[in-house]
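Please look over the protein shown here.

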Amino acid sequence: MDTPKSPIKSFTDLDAWKEGHKLVLMIYELTKKFPKEELFGLTAQIRKAVVSITSNIAEGFSRQTYKDKVHFYIMALGSLTEVQNQLIISRDLKYTQTDDFVKIFEQTIKVSKILNGLIKSSRLLIHNS
């Protein structure tokens with residue numbers, strides 16, 4: 001039997017934010033191993049993009065209309081796609097071990113699915129209001 005979920009009071013209660021935050025921590029851990037010459041290149045780019053995911057989810061949560069919420073959730077999805085691209089680049093440059101790449105890429109897919117669900121449910125609320 002499923003236990004009832006607590007009401008969502010903060011952006012930190014959203015599954016999209018929780019799983020996105022796990023992704024942030026994974027990316028920061030991964031990029032510690034990148035070459036030092038990438039500090040202002042790929043390392044900075046991927047960190048900025050991954051932080052943007054959870055930041056946009058948080059900002060969307062605080063918006064008053066579902067139309068505004070959807071806008072920020074879509075921005076988060078764009079940043080997530082950017083992270084996926086940068087992960088592929090890091091793999092192809094051999095900055096990332098295959099196991100790490102697979103584990104982190106799977107997390108991006110998980111976040112994508114939850115975020116797409118959040119967008120879909122928010123869009124339904126736009127049409128029902």
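Leaving aside its neighbours within four places in sequence, which residues is Ser90 in contact with? They are Phe34, Leu42, Tyr95 and Thr96, where contact means heavy atoms within 4.5 Å.

## Model and confidence

This is a predicted model, in which local features need pLDDT of at least 70, side-chain atom pairs count only at pLDDT 80 or more, and totals for chains, interfaces and linings use all residues. Residues are numbered from 1 along each chain as its sequence is written, and side-chain values use heavy atoms, with hydrogens and water left out.

The mean pLDDT (the predictor's confidence in each residue, from 0 to 100) is 94 for the protein. Of its residues, 95% reach 70 or more. Helix H1 (residues 15-31) has the highest confidence, at 98. Helix H4 (residues 98-128) has the lowest, at a mean of 93.

## Overall fold

The protein has four helices and zero strands. Helices (H or I, at least four residues) and strands (E, at least two) are DSSP runs, numbered from the N terminus. The order from the N terminus is α-α-α-α. The C-alpha trace spans about 50 × 35 × 20 Å along its principal axes.

Take the contacts in the protein with a separation of 6 or more: 69% of them are between residues 24 or more positions apart.

## Surface and charge

The accessible surface of the protein is about 8200 Å², by the Shrake-Rupley method with a 1.4 Å probe; for residues, only the protein chains shown count as cover. Carbon and sulfur atoms hold 57% of that surface. Of the 129 residues, 39% count as buried. Buried means under 20% relative accessible area, exposed over 50%, and partly exposed in between (1.4 Å probe, protein chains only).

There are 19 positive and 14 negative side chains. Lys and Arg count as positive and Asp and Glu as negative; His and the chain ends are not counted. The centres of the two sets lie 4 Å apart, with each charge placed at NZ of Lys, CZ of Arg, CG of Asp or CD of Glu.

## The nonpolar core

A nonpolar core is a set of buried Ala, Val, Leu, Ile, Met, Phe, Trp, Tyr and Cys residues joined through side-chain atoms within 4.5 Å. The largest one here has 29 residues. Leu23, Ile27, Ile53, Ile57, Val83, Leu87 and Leu115 have the most contacts inside it. H1, helix H2 (42-62), helix H3 (66-92) and H4 each give two or more residues to this core.

Ile57 touches Leu14, Ala16, Trp17, Tyr73, Ala76 and Leu115, leaving aside neighbours within four places in sequence.

Ser79 sits in helix H3. Why does Ser79 count as buried? Because its relative accessibility is 8%. Leaving aside neighbours within four places in sequence, Ser79 is in contact with Ala49, Ser52, Ile53 and Asn56.

Ser90 is also placed in helix H3. Ser90 counts as buried because its relative accessibility is 0%. The C-alpha atoms of Ser90 and Phe101 are 8.7 Å apart, at 11 residues along the chain. Asn85 lies in helix H3 too, but counts as partly exposed, at 43% relative accessibility. Asn85 and Phe105 are 10.0 Å apart, C-alpha to C-alpha, and 20 residues apart in sequence.

## Lys94 in the H3-H4 loop

Lys94 is in the loop between H3 and H4. Lys94 is exposed, with a relative accessible area of 72%. The phi of Lys94 is near 65 degrees, a positive value in a residue other than glycine. Most residues other than glycine have a negative phi.
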